[in-house]
Amino acid sequence: MAAPPLVELANVGKTYQHGATALAGLDLHIGAGEFVSLLGPSGCGKSTALRMIAGLSQPTSGTIRRAWDASPAPAAGTDCRVPWSHPLGCVFQEPTLLPWTSVWNNVYLPLRLRGVSQAAAKSQVDEALTLVGLQGFEQAYPRELSGGMKMRASVARALVTRPQLLLLDEPFAALDEITRLRLNDDLLALWRERRWGAMFITHSVFESVYLSTRVLVMSPRPGRVVEEIVIDLADVRTAETRTSVRYNELCRRASQALERAIAEASTAGRSA
Ligand SMILES: Nc1ncnc2c1ncn2[C@@H]1O[C@H](COP(=O)(O)OP(=O)(O)OP(=O)(O)O)[C@@H](O)[C@H]1O
């Protein structure tokens, strides 16, 4: 029998108290080791879906099931085991590093908040920094890092708890193209090695196809998944992938699905 998904949303809706209906009838699931991109026009509710999966906001209708809900994390300050783990890691568009402390302390933060001492956390923090290529920058302050390095530190902070599911909300959108392509490759290499499940939010058709095992195309607000595209490219993706016939076919499919979703929504009188 197939393992249950890490997270499953069924008929999820979200209407903000004094605002828009962001989502209506959203169905999606992410299995262990899958890399799923959520591709949709601006304002279609992608970040809303991510925040609800992270438990930062509640749906107004429908259900969200998380594989780990049955075994909640121990209360803060009670668990000093090493390695310390948490099922979920989040990376946002802004690296949101604490400017007044070192890279090492920034990555240590999720463990510190759980009461893990610096000594007990050391190997886990060092490992996360090595994974993202920031060894040697442990004592640097965020202001001393480039945009790409800040984002690496943010990814290390998300990975330090060894999550099963990584949620990434347009993490590379503010970076220049060369840094973005490099971080795409480094993120994929990490995923191949660790195989956490990933939900990656992006506006970019090319980025979604390059990174993912599946792309979910969303309609404009109120958002829902209107098309699923299985990305049947080899796991190892390189510069040659970007010029391959299959990659370009898949990009065309994703792009056409997005255009269709936008056209159908405007015919139905909805707006993004
Ligand atoms: N806290 C909030 N209160 C009221 N409305 C909100 C709130 N957060 C989001 N919205 C509205 O919900 C809709 C979906 O927003 P959301 O940020 O989830 O979309 P998105 O697809 O991530 O957008 P983008 O791609 O531009 O980041 C938008 O119309 C937005 O204005």
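Why does T96 count as partly exposed? The model is predicted, and the count comes from its atoms. T96 has 13 C-beta neighbours inside 10 Å, so this residue counts as partly exposed. T96 sits in the loop between β5 and α2. Now compare its position with that of G45. In sequence, T96 and G45 are 51 residues apart. In space, their C-alpha atoms lie 22 Å from each other.

Turn next to the ligand. The shell around the ligand holds 14 residues. Y16, G19, S42, S47 and T48 come nearest. Which helix gives the most to this shell? Helix α1, residues 46-53, does, with three residues.

Helix α4 is the next stop. This helix covers residues 147-159. Is α4 mostly covered or mostly open? Mostly covered: ten of its 13 residues are buried. The buried stretch of α4 includes K150, M151, R152 and A153. S154, V155, A156 and R157 are also buried, as are A158 and L159. What do these buried residues pack against? Their partners are the strands β5 (88-91) and β6 (165-169), together with the helices α2 (103-112), α3 (118-131) and α5 (177-194).

Finally, look at strand β8, residues 214-218. Four of its five residues are buried, so the strand counts as mostly covered by the cut-off of 20 or more C-beta neighbours within 10 Å. β8 pairs with two strands, β3 and β9. Strand β3 (residues 35-39) runs parallel to β8, and four bridges join them. Here L39 stands opposite V217 of β8. Strand β9 (residues 225-230) pairs with β8 in the antiparallel sense, over five bridges. In this pairing V215 has I229 of β9 as its bridge partner. How many residues lie between β8 and β9 in their hairpin? There are six.

Methods. Residues numbered from 1 in each chain as written. Predicted model: local features only at pLDDT ≥ 70, side-chain atom pairs only at ≥ 80, totals over all residues. Near = placed C-beta within 6 Å. Expected span 1.5 Å × (residues − 1). Buried ≥ 20, exposed ≤ 12 C-beta atoms within 10 Å, placed from the backbone. Contact = placed C-beta atoms within 7 Å. Pairing = 2+ DSSP bridges.
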